[in-house]
Number of protein chains: 2
Amino acid sequence: MKLINGGVCAPKGFLSSGIHCGIRKNKSKKDLALIYSETIANAASVYTLNEVKGAPIIVTKEHLKDGKAQAIICNSGNANTCNANGIEIAKQMSNIIASELKISPKDVIVASTGVIGNPLDITPIVNGANNLVHSLGKNSIDSAEAIMTTDTKVKEIAVEFEIDGKICHMGGIAKGSGMIHPDMATMLVFITTDCNISQEMLQKALSTDINETFNMVSVDGDTSTNDMVSIMANGLAENKEITQDDDNFKTFMKALNTITVYLCRCIAGDGEGATKLLECKVSGAKSITTAKNVAKSIICSSLVKTAMFGADANWGRILCAIGYSKENVAIDKIDVYFKSDKGEILVCKNGAGVAFSEEKAKEILLEKEIEIIVNLNDGDNSTTAWGCDLTYDYVKINGDYRT
Amino acid sequence: MKLINGGVCAPKGFLSSGIHCGIRKNKSKKDLALIYSETIANAASVYTLNEVKGAPIIVTKEHLKDGKAQAIICNSGNANTCNANGIEIAKQMSNIIASELKISPKDVIVASTGVIGNPLDITPIVNGANNLVHSLGKNSIDSAEAIMTTDTKVKEIAVEFEIDGKICHMGGIAKGSGMIHPDMATMLVFITTDCNISQEMLQKALSTDINETFNMVSVDGDTSTNDMVSIMANGLAENKEITQDDDNFKTFMKALNTITVYLCRCIAGDGEGATKLLECKVSGAKSITTAKNVAKSIICSSLVKTAMFGADANWGRILCAIGYSKENVAIDKIDVYFKSDKGEILVCKNGAGVAFSEEKAKEILLEKEIEIIVNLNDGDNSTTAWGCDLTYDYVKINGDYRT
């Protein structure tokens, strides 16, 4: 597994572009992205569990019924959700770009992100589609930029791996900063690969992986209406098709996991207003469900998050969060550590405080990436969840998002 | 039902006091409270559902097995939770005050609130107990002050009501500002009454009432380890004992509900850093569970809370929160209104936005008490939940609570 450049354009046959078409007023912010495969690809997707689903989700689900796709179009600046004409607009987006690309509208994945409940004007997309297609190239950054909303950093990655003697590539871009929470809380993630894999195994890989990755990320406890992770595999690496759960599939899963874990860390670390990436590692759980619920409860606690913002080793809040996780854990077995590049410190042993250097703890917690390590000492299951601190800027960003 | 002065001392036979004994370093902040009934009282209590329970909770549960109590002692500044000697200290608190009052330690309700995981030094309580008892009087404010942590306002109320031709009184004090969430998320509430009611009916009244009141309050989604609502009824009003679910019981329930709703509003409105009290009224639900889960989901959403801080009529976030409530609701039937003393405005009809005056919405949302009114138009059940906005000051207060 080797990290390479190129994002979603690293795999053979994939091109992308991103432009400002006018959905956003600010002309310096791109607002329309396109990812295109030169040949038709197997495609798989997972969606938000929010009962309120954006119109693009409904249209994409319909289009992916045959497991095939050739393009992804995504706008930022407007979620096209809770609008009376949402479905119609999402279909128009597919039709317009399909016409420009000379492909079937049924092979288009459509996505939108931004404010909910404002009708999306199709005009800028109509006017911009030709430019978007002519801008297609081996440049992933433009599309990664065009899907950003309150993100402060571009999120992209690519890896190279070998299947069956053939070099394969996989790349991904993501957007996600606020309204992020376990339960398919990914915001938007688009992954491309030239690996040859059946649609069934592609969906299996994605559906399995997200349980350990995007479903373990929380920024603010709000599950969005428009979340989607889509992957397209066009097979141009020419390896023998992966059709079952064998060693090749495991290699594929490992590549996918490298992409998704990296993007999870990007999303959590770039959480709205965040100054720190929090990584909560829970071990010694009697079941994987317990491990996950405990980790999520900690990473979602506003009081833990503000304490981390203040670099305050207030471990009592971690025990408190474990206590309301609804998991039946033996409190008097729990150990808690804080860790960063500055070292590691034990703050709670067997569920009670231990003497520790506040000075050392402060030094550790002032770093940008913090591990909260919890050993439940009650079994063999472990997991990781990602989150971020809760800061003044989170409030600032969200206090007046629309205006 | 008449509002009267006197808080927990309004009912006959109840005295209270509050002093600074030295648990807190700041001498201007009281840290030890006592409520005392001249005669032994029937007592009932409900507790946090957090699996991590403060030592005082465990000791109080033991003491209330016989349904009787005569005193409540409560300190602030230290939760006496997650300490190896917690139970012993909580028992010592009971013993010390029982000895001063010349009552049985088994008739003492003991409570603590403050930082988790710092051993509680018993010395200041030993030294202060005599002063605490000698300060007892018809002054509820001192005890209400002594149980405050990050609260900015004293929370007390009393009512007068008639049962069976006899004038009865009921009073309450509360503390609660952060770490407040549905699931018995009350922080500490102590209620007194001179009404004559059996222990069974007293417990029934309390356990029923909290489902509509304290279990519908959220400030920050963190359920505390030390939450407790206790009520003592000493019978000195000399009404015929309430022993069944009759009209007299209904009158008693009404008095209790007046006390608890008022304290809920106080707690939510005084949420850490809050500038606004949010009251979410959900109607038209197909079940009471749906109504409650929808209301709680809205009131707990960080994005709704920050929008309210910014007086931003971003109703899409309300629909989004309904969508992840896990309740199966018909999105296309939902209407949403905002309301305050400045008027009422419809912002969403049948699940989609309607044209509305942003100026008028702003005027409404700039008020201190905001109603978020949601009609699911899908049944006859309704409920209310209370919360507050999420502000810079919440982050400030909690970023460095311990130091």
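Residues are numbered from 1 along each chain as its sequence is written, while chains are lettered from A and ligands numbered from 1 in the order in which they are written. Because the model is predicted, local features need pLDDT of at least 70 and side-chain atom pairs count only at pLDDT 80 or more, whereas totals for chains, interfaces and linings use all residues. Helices (H or I, at least four residues) and strands (E, at least two) are DSSP runs, numbered from the N terminus.

In chain A, 6 strands form an open sheet of mixed pairing, in the order 13-12-11-14-10-15; two strands are taken to pair if DSSP finds at least two bridges between them. Strand 13 (352–353) and strand 15 (381–388) of chain A stand at the edges with a single partner strand each, so one side of each has no neighbour in the sheet. Strand 11 (residues 335–340) and strand 12 (residues 343–349) of chain A are paired in the antiparallel sense over 5 bridges, and A:Tyr337 has A:Leu346 of strand 12 as its bridge partner. Helix 6 (residues 247–269) of chain A packs on this sheet, where it touches strand 10 (277–285) and strand 15 of chain A, and its direction makes about 40 degrees with that of strand 15. Contact here requires that the C-beta atoms of two residues, placed from the backbone, lie within 7 Å. Axes are lines fitted to C-alpha atoms, for helices over the stretch in contact, and angles run from 0 to 180 degrees between N-to-C directions.

Strand 10 of chain A is joined to strand 14 (residues 369–375) of chain A by 7 bridges, the two strands running parallel; in this pairing A:Glu279 stands opposite A:Glu371. Strand 10 of chain A is also joined by 7 bridges to strand 15 of chain A, in this case antiparallel, with A:Cys388 in strand 15 as the bridge partner of A:Leu277.

Helix 6 of chain A also meets helix 5 (residues 199–212) of chain A, the axes coming within 10 Å and crossing at roughly 45 degrees. The two helices are therefore oblique to each other, on a scale where angles under 35 degrees count as roughly parallel, over 145 as roughly antiparallel, 65 to 115 as roughly perpendicular and the rest as oblique. Their crossing is right-handed; a crossing is left-handed if the near helix is turned anticlockwise from the far one by less than a right angle, and right-handed if clockwise. Helix 5 of chain A contributes A:Met201, A:Ala205 and A:Asp209 to the contact, and helix 6 of chain A contributes A:Phe249, A:Phe252, A:Met253, A:Leu256, A:Asn257 and A:Thr260. These residues divide into 6 nonpolar, 2 polar and 1 charged, where Ala, Val, Leu, Ile, Met, Phe, Trp, Tyr, Cys and Pro count as nonpolar, Asp, Glu, Lys and Arg as charged, and the others, Gly among them, as polar.

The axes of helix 8 (residues 302–309) and helix 9 (residues 316–323) of chain A come within 9 Å and cross at roughly 160 degrees. Helix 8 and helix 9 of chain A are therefore roughly antiparallel, and their crossing is left-handed. A:Leu303, A:Val304 and A:Ala307 of helix 8 meet A:Arg317, A:Ile318 and A:Ala321 of helix 9, a contact comprising 5 nonpolar, no polar and 1 charged residues.

In chain B, strand 6 (residues 155–163) is mostly covered, with 7 of its 9 residues buried. A residue is buried if 20 or more other C-beta atoms lie within 10 Å of its own, exposed if 12 or fewer, and partly exposed in between, with C-beta atoms placed from the backbone. Strand 1 (residues 2–4) of chain B runs antiparallel to strand 6 of chain B and is joined to it by 3 bridges, B:Leu3 standing opposite B:Val159. Strand 6 also pairs with strand 7 (residues 166–175) of chain B in the antiparallel sense, over 9 bridges, and B:Lys155 stands opposite B:Ala174.

The hairpin of strand 6 and strand 7 of chain B has 2 residues between the strands, and B:Asp164 takes a positive phi near 60 degrees there. Most residues other than glycine have a negative phi. B:Cys82, in the loop between strand 4 (68–76) and helix 2 (86–101) of chain B, has a positive phi of about 60 degrees and is buried, with 28 other C-beta atoms within 10 Å. B:Lys102, in the loop between helix 2 and strand 5 (108–113) of chain B, has a positive phi near 60 degrees but is exposed, with 7 other C-beta atoms within 10 Å.
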